[in-house]
Amino acid sequence: MKPNRMKEKIARGEPALGCSVMFPSPQVVEMLGYAGFDWVLIDCEHGSIGLGDVELMAMACDAVGITPIARPKSNSASDIQSVMDRGVMGVQVPHVNSADDARRAVAAVKFGPGAGRGLAAGTRPDDWGLGAKMADFTAAANEQSLVCVQLEHEAAIRNVDDILKVDGVDVFFIGPSDLSQSMGHPGNPAAPTVAAAISAVRGKIVAAGKIAGMPATTDNVAALIGGGIRYIYTHLPRLLGAGAGAFLKAAKL
């Protein structure tokens, strides 16, 4: 089992910068690696990516030395296991609203007694059964896999103190878009009540000595890092839009 470099980086207190990709393209993943990103979020919840695509995009991550993290279609154990079995190094689990939700997410990623993840020989993470002994693989997989839970509903905000106590969660990710919708301000995370909730939760995560995550733009990434956020990604359309905008503006002389 290869080391999870992104997990190691955030454990050292360093920011890990990623990019979210919503459509199937190993080529884009490869380009992001060469561009210098630490990791890629393979988004199966909002995009058109299937399980076969996840596997190919994870291979592309491996080829350029960056970390593949998948957002499964849902927080169900079956959806989590499906992407883990394709060879990603962790999951960003949506809609985690309680400590029980968080415990189920951890169980779906980790192997062991009482865990929710099935163990099968010959999967890609296990080097197709041609690598280490199964017992050695499961131990390494548990150590290297990353569990990120998304706090993106008012219920999660209310339950954050209990969620933060769940063992095995590596990152507590604040989802501004869904949170703004949940709080009655769809698409406006800057609304005073939403902004206050985000600030309060971020403060609790950092104060508890846990790793906080949020999405970022060019305009706010430095401020987020300064505020203690270490698990950070931007969106591919933003990168393309910024580059296209700069090019087209330069052409209008």
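Ala216 counts as buried, at 4% relative accessibility, where buried means under 20% relative accessible area, exposed over 50% and partly exposed in between (1.4 Å probe, protein chains only). The model is a predicted one, in which local features need pLDDT of at least 70 and side-chain atom pairs count only at pLDDT 80 or more, while totals for chains, interfaces and linings use all residues. Residues are numbered from 1 along each chain as its sequence is written, and side-chain values use heavy atoms, with hydrogens and water left out.

Ala216 is placed in the loop between strand S7 (211-215) and helix H11 (221-226); helices (H or I, at least four residues) and strands (E, at least two) are DSSP runs, numbered from the N terminus. Leaving aside residues up to four places away in sequence, Ala216 touches Val221, Leu224, Ile232, Tyr233 and Thr234, a contact being heavy atoms within 4.5 Å. A C-alpha separation of 14 Å is found between Ala216 and Ala242, which are 26 residues apart along the chain.

Tyr233 also takes part in aromatic pairing. The structure holds 5 aromatic pairs. Rings of Phe, Tyr and Trp (its six-membered ring) pair if their centres lie within 6.5 Å; planes under 30 degrees apart count as stacked, over 60 as edge-to-face and the rest as tilted. The pair Trp39 and Tyr233 is edge-to-face, because the ring centres are 6.0 Å apart and the planes stand at 90°. Trp39 belongs to strand S2 (residues 39-43) and Tyr233 to strand S8 (residues 229-235), so this pair ties together parts that are 194 residues apart in sequence. Both Trp39 and Tyr233 are buried. The pair Phe173 and Tyr233, by contrast, is stacked, because its ring centres lie 5.5 Å apart with planes at 5°. Phe173 is in strand S6 (residues 171-174) and Tyr233 in strand S8, so the parts tied together here are 60 residues apart in sequence. Phe173 is buried, as is Tyr233. One aromatic cluster is formed by Trp39, Phe173, Tyr231 and Tyr233.

The protein as a whole contains 12 helices and 8 strands. Its radius of gyration is 18 Å, close to the 18 Å that the globule rule gives for 253 residues, so the protein is as compact as a globular protein of that length; the radius is taken over C-alpha atoms, and the rule is 2.2 Å times the number of residues to the power 0.38. Along the principal axes, the C-alpha atoms fill a box of roughly 60 × 45 × 30 Å. Of the 253 residues, 46% count as buried. Among contacts with a separation of 6 or more, 62% are between residues 24 or more positions apart.

Helix H5 (residues 99-109) has as its buried residues Ala99, Asp101, Ala102, Ala105, Val106, Ala108 and Val109. These buried residues pack against helix H4 (77-84), strand S4 (90-93), strand S5 (146-151) and helix H8 (160-163).

The count of salt bridges comes to 12, with a salt bridge defined as a side-chain nitrogen of Lys or Arg within 4 Å of a carboxyl oxygen of Asp or Glu. Lys2 and Asp62 meet in one of them (3.5 Å, N to O). This pair links distant parts of the chain, with Lys2 in the segment before helix H1 (5-11) and Asp62 in helix H3, 60 residues apart. Lys2 is partly exposed at a relative accessible area of 32%, and Asp62 is likewise partly exposed at 27%. Another salt bridge joins Asp170 and Lys7 (3.7 Å, N to O). Asp170 sits in the loop between H8 and S6 and Lys7 in helix H1, 163 residues apart. Lys7 is buried, with a relative accessible area of 16%. Asp161 and Lys204 also form a salt bridge (3.4 Å, N to O). Asp161 lies in helix H8 and Lys204 in helix H10 (residues 192-207), so the pair ties together parts that are 43 residues apart in sequence. Asp161 is partly exposed at 40%, and Lys204 is partly exposed at 36%. Salt bridges that share partners join Lys2, Asp62 and Arg124 into one network.

The protein exposes about 11500 Å², of which carbon and sulfur atoms supply 56%; accessible areas come from the Shrake-Rupley method with a 1.4 Å probe, and for residues only the protein chains shown count as cover.
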